[in-house]
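User: I would like to learn how to read a sheet, its packing and its ring contacts in a structure. Can we work through one together?

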Amino acid sequence: MPVYFDHNATTRLDPRVLEAMMPYLTGPYANPSSLHRFGRSARDAIERARQQLADLVGCQPQQVTWTSGGTEANNLALKGVADAQPGGRVLYGATEHPAVMEAAESLRSRGRAVEAIAVDHQGLLDWPAFAAQLASSPVRLVALMRANNETGVIQDVTRAAQMAHEAGALMHVDAVQAAGKIPLDFSALGADLMSLSSHKLYGPKGIGALVKRAEVDLSPLHHGGAQERGLRGGTENVAAIVGFGAAAALAVSELAMRAECASQLRDRLERAVQQLPGATIFGAGVERLPNTLQFGLAGYEGEALLMQLDRRGFGVSSGSACASGKGEPSHVLLAMGYPRDVAYSAIRVSLGRDNTVDDIDRFVAVLRELVAAGKS
Amino acid sequence: MIYLDHAATTPLDAQVRAAMLPWLDDVDGYGNPASDHRLGRRARAAVESARAQVAALIGAEAGEIVWTSGATEANNLALKGALEFRGLKGAHVVSSRIEHKAVLDTCRYLETQGTRVTYLTPDADGRIAVEQVMSALQPDTALVSLMWVNNETGVINPVVELAPLLRARGVLFHVDAVQAAGKLAIDLSQVPIDLLSLSAHKLYGPKGVGALFVRKRPRARLAPQIHGGGHEQGMRSGTLATHQIVGMGAAFALAQSQVDAEAARQHRLRERLWQRLQRLAQIHRNGDAAHCAPHILNVSFEGVEGEALRASLPELAVSSGSACSSATREPSYVLRALGRDDELAGASLRLSLGRSTSAEQVDCAADQIIAAVHRLRALSPTWGGSSVATDVETTTAFAGDDNVYMYPAPVWAAFGAVRHAGTLPAADNVVCSQVGSPAARAQLELSARCTPEGVVEAARFRAYGCPTSIAVGEWLAGRIEGCSTAVAIPPTAADIRAALEIGEDKAHCALMGEDVLRALFDQIHRIRR
């Protein structure tokens with residue numbers, strides 16, 4: 001079995017989650033909008049899961065809208081606000097996930113002014129630049145991720161939300177990578193909208209959620225049907241919703257333990273990588289997700305190293321799974337001011353529940369071997 | 001419970017589930033199909049093989065299939081994506097009044113963005129004619145969107161005939177084929193449809209996955225509606241849910257192996273069901289039986305109210321229209337578009353058959369419906385048909401242990417075990433009052449026989465309306481029997497609501513009860529004078 005070090009791309013479904021889902025994959029399986037008995041039990045299951053998710057992120061269950069995943073949730077947030085609320089610019093962090101970045105950029109074709117917010121060399125928001133952007137002309141929405149999917153760098157969303165609110169703007173938080181890895185509190189962060197994904201926290205793929213304060217006006221992305229209070233048409237994916245709920249409940253009870261295990265392994269790996277010649281740890285000086293380490297080795301191309309590591313039985317990534325294979329260097333590292341060749345060298349290791357000290361040590365050994373071979 | 005709601009959703013097929021499970025369960029089945037390592041490539045291969053399976057059922061190429069989260073998203077992507085890409089937001093679109101909400105609501109949204117939409121009205125048989133579509137075309141018509149099979153009536157639209165005509169006119173053609181796939185033969189290599197929406201869970205696949213066929217030659221171009229990592233040739237971003245996609249592929253492969261035999265079998269059973277239901281007089285089949293998908297039968301019943309009919313069938317999982325509109329309990333807009341009035345549109349059942357449906361189930365379902373309609377017609381003060389009985393006490397109970405629609409317990413008990421239904425033989429000491437009308441879909445009649453002292457010896461009611469109005473009649477008749485009208489104060493609407501635990505939404509039923517009782521007491525006082 002290969003060693004899987006790509007948990008920020010996706011995670012293995014927790015067997016306990018699958019167990020919770022099975023009744024909805026095997027039992028009488030009906031459209032939750034239908035009125036008869038089968039439909040009602042499906043609706044009850046959906047509402048239980050909504051509560052479980054609300055418990056994970058410190059919101060009210062009625063603030064949760066199911067989507068097909070984090071990407072749809074981010075699109076719904078940005079386009080939904082832009083459609084429902086005319087006027088004002090949309091700002092997004094320069095290191096956002098493509099789902100936020102591309103959704104924001106698409107608003108230009110709808111006549112919306114869109115701007116990226118610069119980050120510093122560590123990947124943290126450039127606060128003076130942000131303040132100037134807020135002050136220059138009205139802003140409708142600020143989109144900022146809680147934790148970056150490539151570097152793991154954690155943004156001070158609370159501070160950004162305060163500034164956004166003072167300027168009369170709404171705050172959207174992409175919490176896809178943060179959920180289940182660090183504590184997350186919708187109201188404490190000051191968020192107006194927040195997107196979540198199930199498959200990053202040992203839940204099934206194909207399901208996500210948008211959390212939204214009731215007062216925030218939003219247009220639907222998918223029209224048709226009155227599901228999710230008219231915000232998201234389409235027959236509910238019952239089994240996946242139940243799975244997301246179960247995964248959220250497990251994340252609540254195991255969060256501290258998972259974070260502790262991951263950070264021990266990550267720190268061990270980080271110490272070893274630092275010893276390698278020409279190593280750069282991205283975001284090294286700032287608070288990061290406990291499971292994530294992105295680094296570059298001078299003179300090596302990330303994609304090539306990735307393929308060699310894959311052949312040696314280690315599944316890692318050069319950055320975001322979505323962007324991989326496109327031959328483009330990480331936009332995150334470019335935004336942090338790294339030159340293209342350094343960005344090209346990036347390898348992301350993202351750890352998870354099943355990883356062990358032995359995995360780390362063997363990985364380090366292989367890495368040393370490859371580096372030594374490359375030098376000769 | 002007999003499940004005849006396959007047009008709403010179908011059970012997940014065991015073989016499909018077996019195909020999905022490795023992608024939920026296996027130690028190497030969870031990779032992100034966009035990842036460039038072994039687990040990612042493995043998942044990607046499974047996704048691509050499913051793409052080929054879905055394409056095969058509809059005569060398409062694998063590269064023409066774009067995964068979505070379901071048919072609603074596919075319909076949204078087709079309509080908004082096509083118009084947005086062409087920059088023709090001020091253009092003209094032709095669709096119909098009987099489309100699924102996903103298309104109708106999208107069209108309404110497009111109208112708010114400046115698109116002009118012509119909604120065609122079907123003929124009385126529920127069909128949109130070729131000439132109708134062609135004569136609705138305008139010089140700037142960019143898109144025609146028409147469903148292949150209507151989800152409520154099962155009627156087949158002439159999309160095969162239309163496709164080449166629209167191609168010749170250079171108009172993009174989108175077809176919602178959610179109810180057609182796996183039921184009718186679809187061969188897009190022969191039929192020049194440009195965009196076609198599909199769903200997995202209507203075909204024994206999982207919920208939460210669908211697809212849009214996007215023709216490559218000539219290429220139908222779309223602006224993405226979900227932006228992100230550029231998945232699905234840039235048309236639809238977001239991590240692909242491997243297990244769901246594999247499930248959809250398996251479901252479509254399975255459907256392909258049995259489409260003809262299953263269609264013929266369901267067609268026979270559907271006609272058997274219709275034959276048997278015709279033991280009831282004054283019922284109407286909705287939609288053209290000659291152009292109908294094999295699995296759907298839609299029937300309107302005269303002389304019964306729709307909600308009471310559905311509540312009387314707790315052992316039958318059926319729908320009164322599409323599941324998406326049944327929660328709102330509005331009469332079906334599709335049946336109204338066919339020209340049915342609100343009353344008949346409301347008193348309709350959509351019975352949709354599936355692979356597990358048997359002849360026994362069909363017969364048993366028909367018998368339950370027949371019994372329910374008989375009973376409700378017998379309770380109705382205006383029904384003059386053959387099934388009326390003057391004293392209906394023997395037919396008033398039904399197998400209603402299961403309060404599936406969650407009526408207040410006293411309402412459900414009274415509705416399920418009616419003891420005071422009927423009329424009293426005319427006599428000098430018998431009075432009768434009536435309120436409401438069939439047009440208002442609520443009618444309540446109360447009769448009483450009194451002693452010279454004004455004591456109610458016997459009371460009966462008849463009602464046409466929802467279960468709550470029937471329960472109000474039953475409760476009132478029972479309440480006043482033995483009462484002395486000389487001393488008793490008639491219960492008010494508030495009393496009725498309290499006794500039956502009637503909520504705000506059904507307060508009008510209690511008001512009707514107060515009115516009919518007041519009128520009855522007035523008459524009793526009059527004959528005593």
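Predicted model: local features only at pLDDT ≥ 70, side-chain atom pairs only at ≥ 80, totals over all residues.

User: In what order do the strands of the open sheet in chain B stand, and how are they paired?

Analyst: Read a sheet by its strand order and the direction of each pairing. Here 3 strands of chain B make an open sheet, ordered 9-10-12, with antiparallel pairing. Strand 9 (283-285) and strand 12 (348-352) of chain B are at the edges and have a single partner strand each, so one side of each lacks a neighbour in the sheet. On average, neighbouring strands are turned by 25° against each other, direction ignored.

User: How many bridges join strand 9 of chain B to strand 10 of chain B?

Analyst: There are 3 bridges between strand 9 and strand 10 (residues 296-301) of chain B. Within that part of the sheet, B:Arg285 is found opposite B:Val299, which belongs to strand 10 of chain B.

User: Which strands does helix 8 of chain B touch?

Analyst: Look for contacts first, then for the angle. Helix 8 (residues 242-277) of chain B packs on the sheet and touches strand 9, strand 10 and strand 12 of chain B, with its direction at about 15° to that of strand 10. Helix 13 (residues 359-379) of chain B also lies across strand 9, strand 10 and strand 12 of chain B, and runs at about 15° to strand 10 of chain B.

User: Now the rings. How many aromatic pairs does the structure hold?

Analyst: Over all chains there are 9 aromatic pairs. To classify one, take the distance between ring centres and the angle between planes. For A:Phe282 and A:Tyr338 the centres are 4.8 Å apart and the planes at 75°; planes over 60 degrees apart count as edge-to-face, so this pair is edge-to-face.

User: Which parts of chain A does the pair of A:Phe282 and A:Tyr338 tie together?

Analyst: A:Phe282 is in the loop between strand 9 (279-281) and strand 10 (292-297) of chain A, and A:Tyr338 is in the loop between helix 10 (331-335) and helix 11 (340-344) of chain A, so the pair ties together parts 56 residues apart in sequence. A:Phe282 is buried at 0% relative accessibility, and A:Tyr338 is buried at 13%.

User: What is the geometry of the pair formed by B:Tyr407 and B:Trp412?

Analyst: That pair is stacked, at 5.9 Å centre to centre with 0° between the planes. Both B:Tyr407 and B:Trp412 are buried.

User: Where does the charged end of A:Arg159 sit?

Analyst: The charged end of A:Arg159 is over the ring of A:Trp127, 4.0 Å from the ring centre. In chain B, the charged end of B:Arg108 sits over the ring of B:Tyr119, 5.7 Å from its centre.

Technical notes. Residues numbered from 1 in each chain as written. Chains lettered and ligands numbered in written order. Heavy atoms only, no water. Pairing = 2+ DSSP bridges. Helix = DSSP H or I, 4+ residues; strand = E, 2+ residues; numbered from the N terminus. Axes fitted to C-alpha atoms, helices over the stretch in contact; angles between N-to-C directions. Contact = heavy atoms within 4.5 Å. Phe/Tyr/Trp six-rings, centres within 6.5 Å; stacked < 30°, edge-to-face > 60°. Buried < 20%, exposed > 50% of the residue type's maximum accessible area, 1.4 Å probe, protein only. Lys NZ or Arg CZ within 6 Å of the ring centre and 35° of its normal.
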